[in-house]
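This is a short walk through one protein structure for a reader who has not seen it before. Please keep the model in view while reading.

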Amino acid sequence: MLSVGDPPAVWHENSGGRAPVLLICDHASNRLPVGLNELGIEKSILEQHVGWDIGAADLTRGLARRLDAPAVLSGYSWLVIDCNRPLENSASIPSISGGYAIPGNQNVDAKAVEARAEACFWPYHRAIEQAIEDYLARGVVPAVISIHSFTPHFDGVGRRWQVGVLWDRDSRLPHPVMAKLSEDAGIVVGDNEPYSANNPPAYSIPVHALARGLPHILLEVRQDLIDSARGVIEWTERLACALEPPLGDPQLYRVSRAAL
């Protein structure tokens with residue numbers, strides 16, 4: 001489905017990072033393949049949360065450098081296919097996003113779904129899988145950190161959290177990170193807010209980390225805090241400072257059978 005002029009489906013940052021940590025960003029890009037004719041929507045709409053997690057890619061890259069860890073980032077908008085939804089889920093190729101109907105995603109047939117998955121979904125997840133396998137081959141159990149962002153308002157209601165921590169069953173990273181972030185009285189931390197770790201159904205963390213018993217965390221940062229270079233720098237430092245203590249514990253890097 002991708003043409004010669006299209007960018008790759010996967011981006012890598014700091015591939016030589018030495019930390020036993022892998023950063024992933026499912027919604028890093030708002031790009032669309034040329035062949036999809038912009039899915040029938042205005043380019044300006046793609047700049048909104050309709051097509052990506054604003055600020056998440058820059059935050060992921062900043063953390064990759066700050067933590068000296070490799071990062072894998074998706075190369076295309078979730079409007080092409082959502083890299084954090086099971087392929088059988090109705091939201092995998094959204095017909096509506098952010099209140100906008102997506103003309104190019106109406107009545108997408110099975111052949112087109114397969115083409116999008118082969119072009120954009122599977123290359124990203126194979127890259128994550130390969131990165132994890134490379135760690136395991138060296139006898140290292142890596143920690144997986146997934147970076148997302150969320151809108152300041154939803155359905156007209158303001159979201160008070162600056163950062164949310166999503167987790168399910170494995171608290172090795174989430175609990176100490178939430179505790180560290182909460183030391184700052186100016187930060188309101190969401191425990192499985194503004195989303196639950198398993199609603200809506202996710203793909204990346206359940207498949208790559210939870211199913212393997214790897215230590216992991218999904219971090220959601222409010223978009224108005226990271227939509228500028230200054231904001232990204234500030235939140236890169238805040239998150240790194242919260243992550244470093246648990247990531248510095250050698251006991252973290254073990255498979256947790258209790259989380260399986």
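The text below goes from the sheet to the helix on it and then to the nonpolar cores.

The model is a predicted one. Its seven-stranded sheet is open, and the strands follow the order β1-β3-β2-β6-β11-β9-β10 with mixed pairing. At the edges are β1 (10-13) and β10 (189-191), each of which pairs on one side only. On average, neighbouring strands of the sheet are turned by 20° against each other, direction ignored.

One pair can be followed in detail. Strands β2 and β3 run parallel and are joined by three bridges. C25 has L73, in β3, as its bridge partner. Helix α3, made of residues 110-137, packs on the sheet and touches β1, β2, β3 and β6. The direction of α3 makes about 175° with that of β2.

In soluble globular proteins, nonpolar side chains tend to be buried together. Here the largest nonpolar core has 39 residues, and I145, L219, L239 and L247 have the most contacts inside it. Elements that each supply at least two residues of this core include the strands β2 (21-25), β3 (71-74), β6 (143-150), β9 (163-166) and β11 (216-222).

What is I145 in contact with, leaving aside its neighbours within four places in sequence? The contacts are V21, L22, L23, I24, L67, I217, L219, L243 and L247. Apart from this core lies another, of 38 residues, among them A9, L39, I81 and A131.

Terms used. Residues numbered from 1 in each chain as written. Predicted model: local features only at pLDDT ≥ 70, side-chain atom pairs only at ≥ 80, totals over all residues. Heavy atoms only, no water. Core = buried A, V, L, I, M, F, W, Y, C linked by side-chain atoms within 4.5 Å. Buried < 20%, exposed > 50% of the residue type's maximum accessible area, 1.4 Å probe, protein only. Helix = DSSP H or I, 4+ residues; strand = E, 2+ residues; numbered from the N terminus. Contact = heavy atoms within 4.5 Å. Pairing = 2+ DSSP bridges. Axes fitted to C-alpha atoms, helices over the stretch in contact; angles between N-to-C directions.
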